[in-house]
There are 2 protein chains.
Amino acid sequence: MPNPTLRDVADAAGVHPATASRALNANTRALVNAETARRVLRVAEQLGYRPNPIARGLKTAKSATIGLVIPDLTNPLFPPIVRGVEDALEEAGYTALIVNTDGDPERERTLVESLRSRQVEGLVIATALVHHPLLEELQRSDIPMVMVNRRAEGIEAPYVGPDDAAGIELAVRHLAQLGHRRIAHVAGPATTSTGVARARAFGGAVRELGLDHGPELMVTCTQWTEGAGAAGLRQLLDGTEGVTAVVAGNDLIALGCYDVCAERRIDCPDELSIVGFNDMPFLDKLRPPLTTVSVPNTQIGTDAARLLLEALHGTDRSARSVLLPTSLVERGSTAPPGGR
Amino acid sequence: MPNPTLRDVADAAGVHPATASRALNANTRALVNAETARRVLRVAEQLGYRPNPIARGLKTAKSATIGLVIPDLTNPLFPPIVRGVEDALEEAGYTALIVNTDGDPERERTLVESLRSRQVEGLVIATALVHHPLLEELQRSDIPMVMVNRRAEGIEAPYVGPDDAAGIELAVRHLAQLGHRRIAHVAGPATTSTGVARARAFGGAVRELGLDHGPELMVTCTQWTEGAGAAGLRQLLDGTEGVTAVVAGNDLIALGCYDVCAERRIDCPDELSIVGFNDMPFLDKLRPPLTTVSVPNTQIGTDAARLLLEALHGTDRSARSVLLPTSLVERGSTAPPGGR
DNA sequence: CACCACGCTGCAAGCGTTTGCAGTCCGACT
DNA sequence: AGTCGGACTGCAAACGCTTGCAGCGTGGTG
């Protein structure tokens, strides 16, 4: 028999399937005679019995599965998060179903639909937009969920992400300390909470430190991509003078800034310091190595998964918004203004 | 009712659940009166009915799910492959369950176990080793599978990967054309088919082109990592003189070579040309931008998934080993020996 | 006119588990 | 000695769907 069933085990152990079921399930095991339980366990072991989660799921309406909604796995920001989620789920015997929305709300909708039809017990969402109709619907249908990395307004669900404000402040302080007075921000899209939080934090930091500030020192990109970052910096540079440093909304945007430096023959860091956000892999191999704000992405994933599991198991510690600490990784893309 | 069941639909449409089932399933729809079918469809639509794949799976012993076994999602080589697999599966209504083995056979075994218990219909394996007991077992238990990126000896399953030999030849030819005569190879582990295939191809190419060759010009790393690559190149450089170029087993190993250049103050490309393999993202941002062999990774994923689906649906075109074409991306890490 | 074939629909079993309920047995208590 | 309670175990239904088989009515054929 390719896959022994509970019935097979029961027969082999000379008990009723119900008894076998109870013996096999850790929390009902107490109901059955210790000796019998042992025997069942042993037989199950011998036969190589593996419970069929599908059948179990049908009965219990649980699938031991959650959905993980990300924009694009190919974006280096996400693999660590995914990995973190999977690792945390694995401990609990859960599995993640991953979908890539490519940032398309339509696609997102159908994908979430398909996740739900697959009976996922909860959702980890990495695609939140500030205003997000789909999430509002989901909230109403009260399927447990947690947002990572970005959050949506008016959604109760827990959120796990980096402490954007602290991270940005780290970056700005670092640049100020190097002597920069005129620092610009190439922000991420205002449609994402991360974009606005970082922009706001940037504004606060420069003001607080008494540095130059004003709308001409901020530009917001339409996307979190290299291309958009490049476009952003171009626009910014065309609109103002004397900028010696830029804080990018994230590493991808920072890469776009690198491209602009190359195309305009601006020396980084001597003429323009750049700092990124996220510390994605291989940044230390860039020309120059990118100074950036490091974020514990894997931990974001594990924390999010754990929060979700708690929600599923009713252990409602109702932990809201976990903000994970960031740190600054100083590399070669920042230097005192005008070279040393 | 939160989730309308087939029964609900049937009742609402005034038919028996069996009829509703047939009407809803595209390939049994012909069995039911066109008018009735339409009605059922309409009602289902109205009620927002979504079939419960768990129940269906229980009955049909199909889960519409496959397992995807990779070493580590965090390795930039894999996201594109995963993405390809997912995209191809999505079309067919299938989903992938992803597991990370971290290269640990023990872990791999238990993870595959858990996949099987989740009733995956097939497996895409990206962790193949030349000698791979687990895969042999799986083959015996004849669960459909396909290997990507690496293959195992003695396994019948189809394989989808880059044309390693052609890719390496491209690299060697390129270097020869630049004037290099003494080219070394920092190979990937001999436990992986990719490692040995590329090493063999390298040997063939240098010989064929009449370049220097010999065992002192080849070193094989213990892992596909930056660290192992660095160790490999150090060892090689310590063992021989006059090497002006190296072909790395993959990009990660090439990165390790970069590290050695930095630590030994060897100028790349003027003193040492380096070429990688895979063309993972952001290589163009390195110092210097890495010349590498580009591989259609996403396509590897889609092709593999399609092959697996064919196997599942019995469309046994028995397509074996698909070798995808590679191309050379010339960037800044290669130059004529001794500078221009 | 009887019969058959065919198109459609309903019946019911069953996929592998879980679980409320009911039974059995035995030791202990009154 | 009779009864009660407790510890186990078995019974059977149910989860939502698919599918072989049988039933029904209709139209066509011999």
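How do the residues of the surface near DNA strand D divide into nonpolar, polar and charged? They divide into 10 nonpolar, 9 polar and 5 charged, where Ala, Val, Leu, Ile, Met, Phe, Trp, Tyr, Cys and Pro count as nonpolar, Asp, Glu, Lys and Arg as charged, and the others, Gly among them, as polar.

## Basis of the report

This is a predicted model, in which local features need pLDDT of at least 70 and side-chain atom pairs count only at pLDDT 80 or more, while totals for chains, interfaces and linings use all residues. Residues are numbered from 1 along each chain as its sequence is written, chains are lettered from A and ligands numbered from 1 in the order in which they are written, and side-chain values use heavy atoms, with hydrogens and water left out.

Sugar or phosphate supplies 60% of the atoms of DNA strand D within 4 Å of the protein, and bases supply the rest.

Polar contacts (pairs of N or O atoms within 3.5 Å; within protein, one must be able to donate a hydrogen and the other to accept it, and residues adjacent in sequence count only if both atoms are side-chain atoms) involve both protein chains. From chain A, a backbone N or O atom of His16(A) lies 2.9 Å from a phosphate oxygen of DNA strand D. Helices (H or I, at least four residues) and strands (E, at least two) are DSSP runs, numbered from the N terminus.

## The surface near DNA strand C

DNA strand C is surrounded by 24 residues, the closest being Leu6(A), Ser21(A), Arg56(A), Thr19(B) and Thr36(B). Of the atoms of DNA strand C that come within 4 Å of the protein, 59% belong to sugar and phosphate. The residues of this surface divide into 10 nonpolar, 9 polar and 5 charged.

A base oxygen of DNA strand C, in turn, lies 3.5 Å from an N or O atom in the side chain of Lys59(A). Two or more residues each are given to this surface by helix 2 (17-24) and helix 4 (53-60) of chain A, together with helix 2 (17-24) and helix 4 (53-60) of chain B; helix 4 of chain A gives the most, with 4 residues.

## The interface of chains A and B

In chain A, 47 residues are in contact (heavy atoms within 4.5 Å) with 47 residues of chain B. The area buried between the two chains is about 4,000 Å², of which carbon and sulfur atoms give 55%; buried area is the accessible area (1.4 Å probe) that two parts lose on being put together, summed over both. Arg83(A), Arg118(A) and Lys285(A) supply 19% of the area that chain A buries against chain B, more than any other three residues.

Between chain A and chain B the count is 12 salt bridges, each a side-chain nitrogen of Lys or Arg within 4 Å of a carboxyl oxygen of Asp or Glu. Among them, Arg83(A) pairs with Asp72(B), the closest N and O atoms being 2.9 Å apart. The side chains of Glu90(A) and Arg107(B) also meet in a salt bridge (3.1 Å, N to O), and this pair crosses from helix 5 of chain A to helix 6 (residues 105-117) of chain B.

The domain assignment, which is automatic or taken from a database, gives chain A domain 1 (6-51), domain 2 (63-161 + 297-324) and domain 3 (164-295). The centres of domain 1 and domain 3 of chain A, taken over C-alpha atoms, are separated by 61 Å.

Pro17(A) has its place in helix 2 of chain A, and, not counting residues up to four places away in sequence, Pro17(A) touches Leu6(A), Arg7(A) and Ala10(A). The C-alpha atoms of Pro17(A) and Arg181(A), which are 164 residues apart along the chain, are separated by 75 Å.

Key: A residue is near a molecule or strand if one of its heavy atoms lies within 4 Å of it.
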